[in-house]
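Open the model in your viewer and keep the selection tool ready. Each stop tells you what to pick and what to look for.

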Amino acid sequence: TPKPSSAASDVYKRQLVNFIDAILGTGFIGSLFSLAILIPGLALGARRLHDIGKSGWWQLLWFAVIVGWIILLVWAIRQGNRGQNHYGLDPRTTPRQ
């Protein structure tokens, strides 16, 4: 059976919530998405830093606004270490299973 249509007041309430959300700049959907990708993003950043022989804790440079961002960007585009390092084998030379 089809659901009855929403009352006009329900639609207006939802639009009001969306409007307030947009005004505050938080964006509920955007906030949920950011929260969902936080842990995988940190894990990916740590793995990339491990590729160049750095600790994952270096990601804290994100809090050192401009200078930290530049350093992390340079490290992100830098080629990883050849061979094994302190954090494991070179992913480029290790065969995949």
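Select Gln59 and show its surroundings. Leaving out residues up to four places away in sequence, Gln59 touches Gly41, Leu42, Gly45, Ala46, Leu49 and Leu72; contact means heavy atoms within 4.5 Å. Gln59 sits in the loop between helix 2 (28–51) and helix 3. Helices are DSSP runs (H or I, at least four residues), numbered from the N terminus. Gln59 counts as buried, at 15% relative accessibility. Buried means under 20% relative accessible area, exposed over 50%, partly exposed in between (1.4 Å probe, protein chains only).

A note on the source: this is a predicted model, where local features need pLDDT of at least 70, side-chain atom pairs count only at pLDDT 80 or more, and totals for chains, interfaces and linings use all residues. Residues are numbered from 1 along each chain as its sequence is written, and side-chain values use heavy atoms, without hydrogens and water.

Next, pick Gly56. This residue is in the loop between helix 2 and helix 3. Is Gly56 buried or exposed? At 18% relative accessibility, Gly56 is buried. Beyond residues up to four places away in sequence, Gly56 touches Ala46, Leu49 and His50.

Ile71 is partly exposed, at 31% relative accessible area. Its C-alpha atom lies 8.0 Å from that of Leu61, ten residues away along the chain.

Last, select Val65, also in helix 3. Val65 is partly exposed, with a relative accessible area of 46%.

How values were computed. Helix = DSSP H or I, 4+ residues; strand = E, 2+ residues; numbered from the N terminus.
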